[in-house]
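Hi,

Here is the structure I promised to pass on. Have a look at it first, and my notes follow below.

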Amino acid sequence: MFQNPGSPSKEHTAEFSYTGAICSGPVTIDQTAAKAYLDGKYLDLTGAEYRLLSLLIRHDGQTLTRNFILDELWDGHGNFVDDNTLSVYIRRLREKIEEQPSRPEHLLTVRGMGYRWEGER
C-alpha cells in the first residue's frame, strides 16, 4: 500500500519523546545532537546516511518513492543525490542497521516504488 508521505500511518508512527528523539524499532534518532543509535549504541553515519535514515523513520510504515527521497535529499548547495547513489546509501544503511542486510527486516525495498522503514517487525 502506498501512502502519501504527508499523511502518517496510525499503525507505524514513530514515537517522539520530549527530548527530541525519534524511536522506531531498534533505532533512535537524537534530532538535537544529529546522532543515531542502534539498540542504544552510537551509529557512525555520514551526513547523507543520517538524513536518509531520519527521513525514512519520520515516515515509518509509509512507502516513499525514490523521487520523493531524492527531492528531500537535495540540499541548498546544489549537491544532488542521484538514483544510483541512493541505492548505495540504502545498501550502506542496511549494512549498519540490519542483522542480515541481504534480508532486511526494517529498511525494505518496495519493488517498482521505493523504500519503506518498518520499525516494529
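To start: which side chain has a polar atom 2.8 Å from the backbone nitrogen of L107? That side chain belongs to E98, and the backbone nitrogen of H106 also lies 2.8 Å from a polar atom of the E98 side chain.

Before going on, a word on the source: this is a predicted model, where local features need pLDDT of at least 70, side-chain atom pairs count only at pLDDT 80 or more, and totals for chains, interfaces and linings use all residues. Residues are numbered from 1 along each chain as its sequence is written, and side-chain values use heavy atoms, with hydrogens and water left out.

Back to E98. You'll find E98 in the loop between α3 and β7 (107–110); helices (H or I, at least four residues) and strands (E, at least two) are DSSP runs, numbered from the N terminus. E98 is buried (under 20% relative accessible area, 1.4 Å probe, protein chains only). E98 has no salt bridge (a side-chain nitrogen of Lys or Arg within 4 Å of a carboxyl oxygen of Asp or Glu), and R94, the nearest side chain of opposite charge, is 5.5 Å away.

Then there's β3 (27–30). β3 runs antiparallel to β2 (residues 21–24), with 4 bridges joining them, and C23 stands opposite T28. On β4, A36 stands opposite I29.

Cheers

Terms used. Buried means under 20% relative accessible area, exposed over 50%, partly exposed in between (1.4 Å probe, protein chains only). Lys and Arg count as positive and Asp and Glu as negative; His and the chain ends are not counted. A polar contact is a pair of N or O atoms within 3.5 Å; within protein, one must be able to donate a hydrogen and the other to accept it, and residues adjacent in sequence count only if both atoms are side-chain atoms. Two strands pair if DSSP finds at least two bridges between them.
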